[in-house]
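Here is a guided look at a protein model with your sequence and 3D view at hand. Keep the viewer open and click along as you read.

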Amino acid sequence: MSVISYTLHHCIKCMHCLRSCPTEAITIRNERVNISAEKCINCGKCISGCQHAGLTAKGSTLVDKENYEYSVCLVPTSIYADCSSLEEAEKLNAALEKLGFDELVYLGEYEGNVYSRVNEALEKSEHRLIISSFCPTINRLIETQYPMLMECQVDFELPAVLAAKDLRRKYADKNCGIFLLCECPSKLALAKYPYGNQTTEIDHAISIVDYFPLINGLRSEQRAPAQLCAEGIKLVATGLGSRFDKQILSVNGLDKVIKALELAEFGLLKEVKYLSLSACYNGCIGGQFLWGNSFNGRINMHELLKEAKPLQHEFSLASMARTKENYDEKKKSSMADRMKRFRAINEAFDYLPGYDCGACGFPSCRAMAEAIADGHQSIKDCRILGKRETDES
Amino acid sequence: MFEQRYAILREDYANAGKASSAIKSALKQLGIAPDILRRIAVACYEAEINLIIHSYGGEILMNIDEENSKVILSFNDTGPGIPDMEKALTPGFSTASATAREFGFGAGMGLPNIKRVSDEFDVVSSSEGTHLKIGFYV
């Protein structure tokens with residue numbers, strides 16, 4: 001599922017998006033950008049790569065809460081990355097309370113539980129390498145591109161999903177709408193609306209940046225108590241990277257994550273017992289939908305940590321398990337069919353120039369070769385080969 | 001039978017692992033099951049590094065035998081050969097150069113590891129060159 005949408009009249013066909021996509025999900029066909037729902041991991045690289053605001057990721061609106069008898073909003077700890085003191089955090093909370101939800105649920109306790117449980121699991125584990133990520137982008141990256149490493153993933157559910165499950169149980173007799181404030185595009189995919197994730201208890205995902213002007217306008221001298229959980233802050237600001245004792249490697253930034261996963265596939269991270277991954281620099285506080293910058297954010301989080309309380313109650317392990325999607329064995333077409341396609345791809349690839357110029361609308365010659373093998377394109381669509389032909393004649 | 005060749009240069013540490021990455025991506029595209037692919041990746045990387053460290057250079061040949069559902073990797077070099085095969089197959093034994101060790105290679109687990117993870121293993125060596133052939137049922 002992709003949460004990225006494309007605006008044709010903003011697009012100047014510059015191909016920046018084509019080059020910025022780490023999973024080759026973007027192609028340009030008939031002068032339009034196509035995003036493959038299968039390949040897209042919602043990292044948002046194309047949104048920041050586009051110079052003309054041609055790509056966006058929009059969430060649900062606040063108006064949607066009118067459809068419910070009771071509305072709850074989940075507030076992630078990373079939203080406080082902008083607050084340099086407890087006072088500011090309390091003012092932000094007062095503003096959030098004015099958004100008009102019947103209840104606000106702060107995710108700090110959930111994030112904190114996940115943080116301490118992963119640490120416990122790590123102490124006990126005999127495994128060679130454990131990979132954990134509370135980033136939907138990274139989880140999808142591993143499932144789609146690094147299936148060999150799926151067995152290394154820890155099975156903890158994301159904090160927001162755990163909170164939504166709890167709320168659904170609590171308000172089972174009510175028509176309750178559960179909203180999630182999202183700090184990045186990938187979190188938008190966690191909700192039923194607007195992008196149609198059917199397997200979730202979160203009803204609507206709201207992009208923080210869309211409501212930034214409103215929230216800012218609601219800020220005043222008024223304060224509401226902030227429920228800051230120390231372990232929660234540690235999770236969103238550092239992953240588990242603040243610990244330096246148990247052969248932990250915390251990698252953030254998608255380019256570096258990909259490098260680490262490539263090495264892990266060859267079994268080359270022998271000394272690393274635990275790999276904590278995040279697609280954004282500085283973890284969740286580096287999310288695209290947050291205002292401020294994540295470098296100041298890190299300092300701010302450090303200040304807030306002094307005011308934060310330790311974890312209040314602990315959840316049982318069983319309630320936190322994540323249901324993993326099984327690797328679907330490449331939709332299991334027969335070996336003969338797969339081999340036939342593989343041959344066709346390699347044949348086309350050998351014929352193509354190998355410049356990865358993108359002029360055909362595909363990000364690389366190999367991606368083009370795949371399209372040729374599948375019959376969507378022909379070798380004539382290669383601009384370089386076409387140019388050579390006209391030059392020769 | 002599908003065939004692809006990758007050239008390996010002597011002591012080309014800067015490009016170490018590139019051929020293995022290409023082979024890994026190709027086999028991923030073919031949709032080889034993750035557990036088998038993991039073994040292939042590990043063996044291929046070890047063997048590629050062996051070629052770079054110890055040999056005068058050579059090539060990797062990837063064959064996909066669809067009739068027998070087998071991936072066969074051949075590593076052929078032009079010498080100097082493995083003087084004592086029994087020792088080379090002993091875990092921990094290494095003749096890697098100081099340079100190789102500086103790069104973090106040469107723990108002496110190369111051949112034993114490759115043998116452990118592959119389904120078929122065959123190696124012949126003379127001063128003319130070493131020919132390692134490993135097979136995986138896919």
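What follows is a short tour, from one whole chain down to single residues.

## Before you start

This is a predicted model, where local features need pLDDT of at least 70, side-chain atom pairs count only at pLDDT 80 or more, and totals for chains, interfaces and linings use all residues. Residues are numbered from 1 along each chain as its sequence is written, while chains are lettered from A and ligands numbered from 1 in the order in which they are written.

## Chain B as a whole

Let's begin with chain B, which has 5 helices and 5 strands. Helices (H or I, at least four residues) and strands (E, at least two) are DSSP runs, numbered from the N terminus. Starting at that end, the elements of chain B go β-α-α-β-β-α-α-α-β-β.

How does chain B, with its 138 residues, agree with a compact globule? Such a globule would have a radius of gyration near 14 Å, and chain B has 14 Å, which agrees. That radius is taken over C-alpha atoms, and the globule rule is 2.2 Å times the number of residues to the power 0.38. Along the principal axes, the C-alpha atoms of chain B fill a box of roughly 40 × 30 × 25 Å.

In chain B, 35% of the 138 residues count as buried. A residue is buried if 20 or more other C-beta atoms lie within 10 Å of its own, exposed if 12 or fewer, and partly exposed in between, with C-beta atoms placed from the backbone. Contacts here mean two residues whose C-beta atoms, placed from the backbone, lie within 7 Å. Among the contacts in chain B with a separation of 6 or more, 62% are between residues 24 or more positions apart.

## Where the chains meet

Across the interface, 17 residues of chain A are in contact with 17 residues of chain B. On the chain A side, the elements giving two or more residues are α10 (254-265) and α12 of chain A. The most comes from α12(A), with 7 residues.

By class, this side of chain A has 10 nonpolar, 1 polar and 6 charged residues. Ala, Val, Leu, Ile, Met, Phe, Trp, Tyr, Cys and Pro count as nonpolar, Asp, Glu, Lys and Arg as charged, and the others, Gly among them, as polar.

## A helix and a strand under cover

Now find helix α13 of chain A, residues 365-373, where 8 of the 9 residues are buried. Among them are Cys365(A), Met368(A) and Ile372(A). The buried residues of α13(A) pack against α12 (335-351) of chain A. Just after α13(A) comes Gly375(A), with a positive phi of about 85°.

Strand β11 of chain A (residues 274-278) is mostly covered too, with 5 of its 5 residues buried. Which residues point which way from β11(A)? Tyr274(A), Ser276(A) and Ser278(A) point one way, and Leu275(A) and Leu277(A) the other.

Two strands pair if DSSP finds at least two bridges between them. β11(A) pairs in the parallel sense with β7 (residues 130-133) of chain A over 4 bridges, and Ser132(A) stands opposite Ser276(A). β10 (residues 248-252) of chain A also runs parallel to β11(A), joined by 5 bridges; there, Leu249(A) has Leu275(A) as its bridge partner.

## An open sheet in chain A

Chain A also has an open sheet of 4 strands in the order β6-β5-β8-β9, with parallel pairing. Its edge strands are β6 (103-106) and β9 (204-207) of chain A, each pairing on one side only. Strand β8 (residues 176-182) of chain A is joined to β9(A) by 4 bridges, and Phe179(A) has His204(A) as its bridge partner in β9(A).

Most residues other than glycine have a negative phi, and most peptide bonds are trans. Here are some exceptions to look up. The bond from Tyr193(A) to Pro194(A) is cis, with omega near 0°, and Pro194(A) lies in the loop between α7 (185-188) and β9 of chain A. The bond from Gly79(B) to Pro80(B) is also cis, with omega near 10°.

Met15(A) is not a glycine, yet has a positive phi of about 70°. Met15(A) is partly exposed, with 17 other C-beta atoms within 10 Å. In chain B, Glu11(B) has a positive phi of about 50°, and Glu11(B) sits in the loop between β1 (2-9) and α1 (18-30) of chain B.
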